[in-house]
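Here is a short briefing to read beside the model. It goes topic by topic, with the cut-offs given where a term comes up.

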Amino acid sequence: MTGSVNKPGFPLTYCVGAAVLLLAITLFVSGCVGNDSPEERRTISVTGSTTVLPVGQAAADAYMDIHLYDEILVSGGGSGGGIKAVGEGTADIGMASRDISANEKQQYPTLVEHVVAVDGIAVIVHPSNPVTTLTMDEIKAIYKGEISNWKDLGGQDRSIVPVGRDSASGTREFFYEAVMHKEEFVRTQQELNSNGAVKQTVAQTPDAIGYVGLGYLDNTVAAVTIDVNGKPVVPSIESVKNKSYPIARGLNMYTQGQPSGLVKDYLDFLMSAEGQRIVADQGFVPVQ
Amino acid sequence: MNKMNDHSSSLSNPAGISRQKKERVITGIWLATALVAVFTIILILGFLLKEGLPALLEVGLREFLFEEIWTPTSVVPSYGILSLIVGTLLVTFGAMVIAVPLGIGSAIFIAEIAPRSVREAIKPAIELLAGIPSVVYGFFGLVVLTNWLRITFDLSSGATWLAGSIILGIMALPTIVSVSEDAITSVPQEYRAASLALGATRWQTITGVIIPAALSGITAAVILGMGRAIGETMAVLMVTGNAAVIPDPLWNILSPVRTLTATLGIEVGEVAIGSMHYHALFAVALVLLLIALIINLSATLILGRIRDSQMGTGKPPILTHEVKEKVKAVCLWLAMILLTGAFAAISGPGGALLFIGAIGTYLLIQRITTPKITEKIAFGMVTAATGLVLFTLFVILFDIVSNGLPAITWEFLTEGPRDLGRSGGIFPAIIGTIYLVIGAIAIALPIGVGAAIYLNEYTLEGKMTKIIRTGNDLLNGTPSIVFGLFGFAFLVIFVGLGVSLLAGQITLALMVLPTIIRTSEEALKSVPDSLRHGSLALGATRWHTISRVVLPAAAPGILTGTILSIGRAAGETAPLLFTAVVFSKRFLPDSVFEPVMALPYHLFILATNVPGAETQKYGTALVLLILVSSIYAVAGLMRRHAQKTVRW
């Protein structure tokens, strides 16, 4: 055995040195980034619906640009998760793209509702799909599995791929009530965990059909015109505003009791003219 | 093996008595750390049982396991997980079909056929495959593979069983390749020499002598790979479509499926705590743990049997030669039928006929060719297998690097995220990942090394060590999502830490603990007893010997294991999903009780939730890849250095 028993040798000292260096750099750098704040830095967390998420995040970004020492953490996860979080106290504001259910009202009786925007749910297909208009019954039949080929709707002879949301989604819940009339979805429906995921999947899959909040529409997907009793209605901010679009709902933020502190400041900002302008920028309908 | 009594405590030596007390205290400490692994597995099992039992009782074990319909949120909820179990099994089976031939073929190539320079180049490349985080695989699968499948097979959607199996196969490959390759190279040269001397070709030597001799190692490799595939969450979650159906017909590899792990990953985050759905998810975790346990146990059993049959311990083999031949024949027929079905599913009867034709041609050729020609063909196929593996690595790396490089700007690396991550940077995520990893290692390293010291230095093999080792093996085989679930239910909710850095660190620590214990044990074992005996003979106490002689000598091995664990901890998403992470956070955390951003989670959310963030996605994937790869590269370098300098 060569005389290297008690000397750790090159790897050990090297690595300990590297670790210490890394630690030092991390601590030094983290000290340089926005952490030199006064004692009363306020933090709140906002969680829930991925439909409301862009509004919540954009408003939070704008608010934080003005108030440099407040922190608003925004995350997604679904309306169900949002209401549960604010009810249990693990978040300060719960975002939901549906109204609170009777069950939840029973469990969390002290939640207060604030309507921050109005949104439509657009049914989307791939831009190359020749089918551009559907009735509410046809949409329901597709999601029930009764219509499974585009040719039955005047399109190509291809199987329909229904894409939907997961169980925590307020968008899904609202779609379930307003379009499905509480009848069951077909079991081969793909379940994705956000509006963004649905949009991405439909944009990549020529035979897919999905539903997303209005704010997620862009030119990678085609919004289906809804045939309401013979009249075609295009999903847009105007048609939601004048109530001609049949699939529309209020977007809510729930708080535990009446809001105070940073929660109140944030909500007031969101309901102000500037906040509502942010709502409109994100593709939603401002509350009157 | 090294249990000499400490004779330094003679009654006439008062200093010796306090020394003995100190020794006892230290022994106690290490015993306590060794018990942590057992304690953790008991805690995890206990918690899962406590939370999962209400669902099993309410729904009934039979309905739960054998009903197909999983709709926990409909008006009349249904909690049957048969389609989920089938999904897990099918995806794993498909992954093994891909990974085992390619893996063993590559291992043979590296060990037996490749010249040294090629071998030196290929081995690190395959280990690089092991270092790629699962969320990066999922991302690649989501963006590239499903699209390619959809176009190639003219499907409605590429999110299929096949996509899941391909990705899992690629993820299991490095494990199978490196463990098999180790097993093959450790077959003594005499075997090869004897076989060649008898006139066998190299290929006949490989198939007839070397592989059977290395069988236990290869079996271990396959089972480890299978464990990896079964426990994987993020990648399958992103590519299989998550439709809880049983493919109809069963061999339709182009049908979407959902695995047990994906169900946990999707639904735990939003479930209402205390509801029946919540309990049902814990029951799912129990089933998952049970499957992992069965695999572990059968691995130990099979390996034991193989070892017995090879070393002639006198136990009669359960499979006689005729039975083995019959089983082989049955397996081959089954494989043929299944593969024919697969080809039929993809390209109709034409494809199936082609496949049968190919098999027929192969059998015919075998009859009329000489061993030399067979060897050439076989070597060609094996080289092709390795080439395919390397090609896959190249494709993945190229895709990520080429799309990700444009995103790497100074702003990207030093700013926080803005506009849902579509602009700005990922700095808090980088720091969050570093914090998480440092915390996890700070917790796991002392406990892991302590447990290894206890197991190796302080006890004889007995009941206690067997229990501790079994506990450790169980912990090792536990899927990472189960750790996440446990962390959520226990640390976040029960202990009340909330979604916090600390909860994430503890969860990650528990996840890497078995690896650290195992690698530390191996390192300690490799220190020869003569060193210990010499030190004790000079009058040192046991702890003195360990701390001054054994540990420094074992340090390189321990450090390699630590660094590998760092790499794993940095890349994992599932344990963090519900315990530590938030999507966007402007300030860095002030305390360990705040949530953090983390690179793998950020990539996951960008890839699945945020449209229009193309460059940011690839940029995050690239940064994560570079971070984890450099950690693994350092580990590899250190291991090579240690192998050169430590000479006994």
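**Briefing**

B:A553 is buried, because 23 other C-beta atoms lie within 10 Å. Buried means 20 or more other C-beta atoms within 10 Å of a residue's own, exposed means 12 or fewer, and partly exposed falls in between, with C-beta atoms placed from the backbone. This is a predicted model: local features need pLDDT of at least 70, side-chain atom pairs count only at pLDDT 80 or more, and totals for chains, interfaces and linings use all residues. Residues are numbered from 1 along each chain as its sequence is written, while chains are lettered from A and ligands numbered from 1 in the order in which they are written.

**Two individual positions**

- B:A553 sits in helix α21 (residues 542-571) of chain B.
- B:A553 and B:L531 are 22 residues apart in sequence, and their C-alpha atoms are 9.7 Å apart in space.
- A:D137 belongs to helix α5 (residues 136-144) of chain A.
- A:D137 counts as exposed because it has 12 C-beta neighbours inside 10 Å.
- From A:D137 to A:D227 is 90 residues in sequence and 9.7 Å in space, C-alpha to C-alpha.

**Chain B overall**

- Chain B holds 23 helices and four strands. Helices (H or I, at least four residues) and strands (E, at least two) are DSSP runs, numbered from the N terminus.
- The C-alpha trace of chain B spans about 90 × 70 × 55 Å along its principal axes.
- The radius of gyration of chain B is 26 Å, which agrees with the value near 26 Å for a compact globule of 648 residues. That radius is taken over C-alpha atoms, and the globule rule is 2.2 Å times the number of residues to the power 0.38.
- Of the 648 residues in chain B, 51% are buried.
- Among contacts in chain B with a separation of 6 or more, 78% join residues 24 or more positions apart. A contact means C-beta atoms, placed from the backbone, within 7 Å.

**Nonpolar core**

- The largest nonpolar core has 273 residues, and B:V136 and B:V284 touch the most other members. Helix α16 (residues 427-458) of chain B gives the most to this core, with 19 residues.
- Such a core is a set of buried Ala, Val, Leu, Ile, Met, Phe, Trp, Tyr and Cys residues joined through C-beta atoms within 7 Å.
- Beyond its neighbours within four places in sequence, B:V284 is in contact with B:I81, B:L84, B:L260, B:T263 and B:L264.

**Helices of chain B**

- Helix α14 (residues 371-404) has 34 residues and reaches 49 Å from first C-alpha to last, close to the 50 Å expected at 1.5 Å a residue. The expected span is 1.5 Å times one less than the number of residues.
- Buried residues of α14(B) include B:A378, B:V382, B:A385 and B:V389.
- An α-helix has 3.6 residues a turn, so residues three or four places apart point the same way.
- Helix α17 (residues 463-477) has 15 residues and reaches 21 Å, close to the 21 Å expected at 1.5 Å a residue.
- Among the buried residues of α17(B) are B:I468, B:N472 and B:D473.
- Helix α22 (residues 599-609) is mostly covered, with eleven of its eleven residues buried. Among them are B:P600, B:H602 and B:N609.

**Strands of chain A**

- Strand β1 (residues 43-48) is mostly covered: five of its six residues are buried.
- β1(A) runs parallel to strand β2 (residues 71-75), joined by five bridges. Strands pair if DSSP finds at least two bridges between them.
- β1(A) also runs parallel to strand β3 (residues 93-96), through three bridges.
- A:T47 has A:S75 as its bridge partner in β2(A), and stands opposite A:G94 in β3(A).
- β1(A), helix α2 (residues 53-66) and β2(A) form a right-handed β-α-β unit. Right-handed means that, with the strands pointing away from the viewer, the path from the first strand over the helix to the second runs clockwise.
- Strand β6 (residues 161-165) is largely enclosed by the rest of the structure, because five of its five residues are buried.
- Both faces of β6(A) are covered: A:V161, A:V163 and A:R165 lie on one side, A:P162 and A:G164 on the other.
- β6(A) pairs in the parallel sense with strand β8 (residues 208-213) over two bridges. A:P162 has A:I209 as its bridge partner there.
- β6(A) also pairs in the parallel sense with strand β7 (residues 190-192), over three bridges. The β-α-β crossover from β6(A) through helix α6 (residues 170-178) to β7(A) is right-handed.

Key. Two residues are in contact if their C-beta atoms, placed from the backbone, lie within 7 Å.
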